[in-house]
Amino acid sequence: MEPTILPAGVGATAIAIAAAREAEGRRPDRLFEDPLAGLFLAAAGRPTIDTVGVLVDYVAVRTAFFDDYLLAAVAGGCRQVVVLASGLDGRAFRLDWPAGMRVFELDLPASLAFKERVLAASGLAPRCDRRVVPADLCADWGAILVAAGFTPGQPTAWLAEGIMSYLSEADREQLMTTMALLSAPGSRFALESAGALLLRSPNPEGDNGLAAFAQEYRGLWHSTLPTEPTAWLERHGWRADVQAPATVWRRHARPEPSLFAAGRAEGQGAWFMTASR
Ligand SMILES: C[S@@+](CC[C@H](N)C(=O)[O-])C[C@H]1O[C@@H](n2cnc3c(N)ncnc32)[C@H](O)[C@@H]1O
């Protein structure tokens, strides 16, 4: 394979997520296996972050939560999925999609160029009609999505995993408006927020590399989602089912990381949610 140009800045955060998914795949009690994650890591030449236990755990449980959401949305009739800021997401290759499924992966051009180069060399084939959409979520991405084959009249399952904190509040609100305009009745949406808990230092989980992680990421974070998101989501037209981390961790038979309890005590709410309209 030709040398790959690694995405820099915020694009590099996707490599950390792939590292966490690769580490999860090596656990005997893994929640999923993402064969693409190891390929991306090998191409990136980065060490894995499996010493940073709570990050691996957070990404793993979050991934499993969104896997369940997408499969439920598909079972409910959505035949198009839009992964916003898809990074190195491997779901188009990993999940058991029904026939006729179209999955859009939207991210910055540099991030997708890296991904496509690794995927082309792997020879792996997606398990759906996968459409790659190079676009900036801070610009007019809706028109680019439609030009890539998105059908606004059809119910859509939207996923915004690990993106909102990297946007300013104004860009996030514009994204929510565009998404609402493109969402036919029956559409769904999933999102999660850890507030700024993962950047907490010192962290109740012990350091384990978290302080270094916080230092690297703090400069990239531009906003925090509302602690109580239901009214905010309702303003954007979504009926939300908000779940506490304890509920989500229990469902996946893992102990809830103590940083959530510490956050609750400080009024910093972390939450997971699925929504419909
Ligand atoms: C933490 S990664 C999450 C990737 C993916 N959702 C996942 O969970 O594997 C953040 C991603 O957001 C993308 N991103 C950041 N700002 C963006 C923007 N303005 N437009 C599109 N993508 C953006 C980055 O390129 C990166 O791939």
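1. Ala253 sits in the loop between helix H10 (245-251) and helix H11 (258-265). Helices here are DSSP runs of H or I with at least four residues, strands are runs of E with at least two, and both are numbered from the N terminus. Ala253 has a positive phi of about 55 degrees, although it is not a glycine. Most residues other than glycine have a negative phi.

2. This is a predicted model, in which local features need pLDDT of at least 70 and side-chain atom pairs count only at pLDDT 80 or more, whereas totals for chains, interfaces and linings use all residues. Residues are numbered from 1 along each chain as its sequence is written.

3. Ala85 also has a positive phi of about 55 degrees and is not a glycine. Its place is in the loop between S1 and helix H4 (91-94). Is Ala85 buried or exposed? Ala85 counts as buried, because 24 C-beta neighbours lie inside 10 Å.

4. Ala85 belongs to the closest residues around the ligand, together with Ala14, Gly87, Leu137 and Gly162. The ligand is surrounded by 20 residues; a residue is near a molecule if its C-beta atom, placed from the backbone, lies within 6 Å of it. The shell divides into 10 nonpolar, 6 polar and 4 charged residues. Here Ala, Val, Leu, Ile, Met, Phe, Trp, Tyr, Cys and Pro count as nonpolar, Asp, Glu, Lys and Arg as charged, and the others, Gly among them, as polar. Helix H1 (residues 13-25) gives the most to this shell, with 3 residues.

5. The strands S3-S2-S1-S4-S5-S7-S6, in that order, form an open sheet of 7 strands with mixed pairing. Two strands pair if DSSP finds at least two bridges between them. Strand S3 (129-134) and strand S6 (239-243) stand at the edges with a single partner strand each, so one side of each is left without a neighbour in the sheet. From one strand to the next, the twist averages 15 degrees. Strand S1 (residues 80-84) and strand S4 (residues 156-160) run parallel and are joined by 5 bridges. Gln80 stands opposite Thr156 in S4.

6. The largest nonpolar core has 76 residues, and Phe40, Leu84 and Leu159 have the most contacts inside it. Such a core is a set of buried Ala, Val, Leu, Ile, Met, Phe, Trp, Tyr and Cys residues joined through C-beta atoms within 7 Å. Helix H3 (residues 53-75) supplies the largest share of this core, 13 residues. Which residues does Leu84 contact, leaving aside its neighbours within four places in sequence? They are Leu106, Leu137, Trp158, Leu159, Ala160 and Ile163; two residues are in contact if their C-beta atoms, placed from the backbone, lie within 7 Å.

7. Helix H2 (residues 35-44) is mostly covered, with 7 of its 10 residues buried. Phe40 is one of these buried residues. The buried residues of H2 pack against H1, H4 and H5. Just after H2, Gly45 takes a positive phi of about 65 degrees.

Notes. Buried ≥ 20, exposed ≤ 12 C-beta atoms within 10 Å, placed from the backbone. Axes fitted to C-alpha atoms, helices over the stretch in contact; angles between N-to-C directions.
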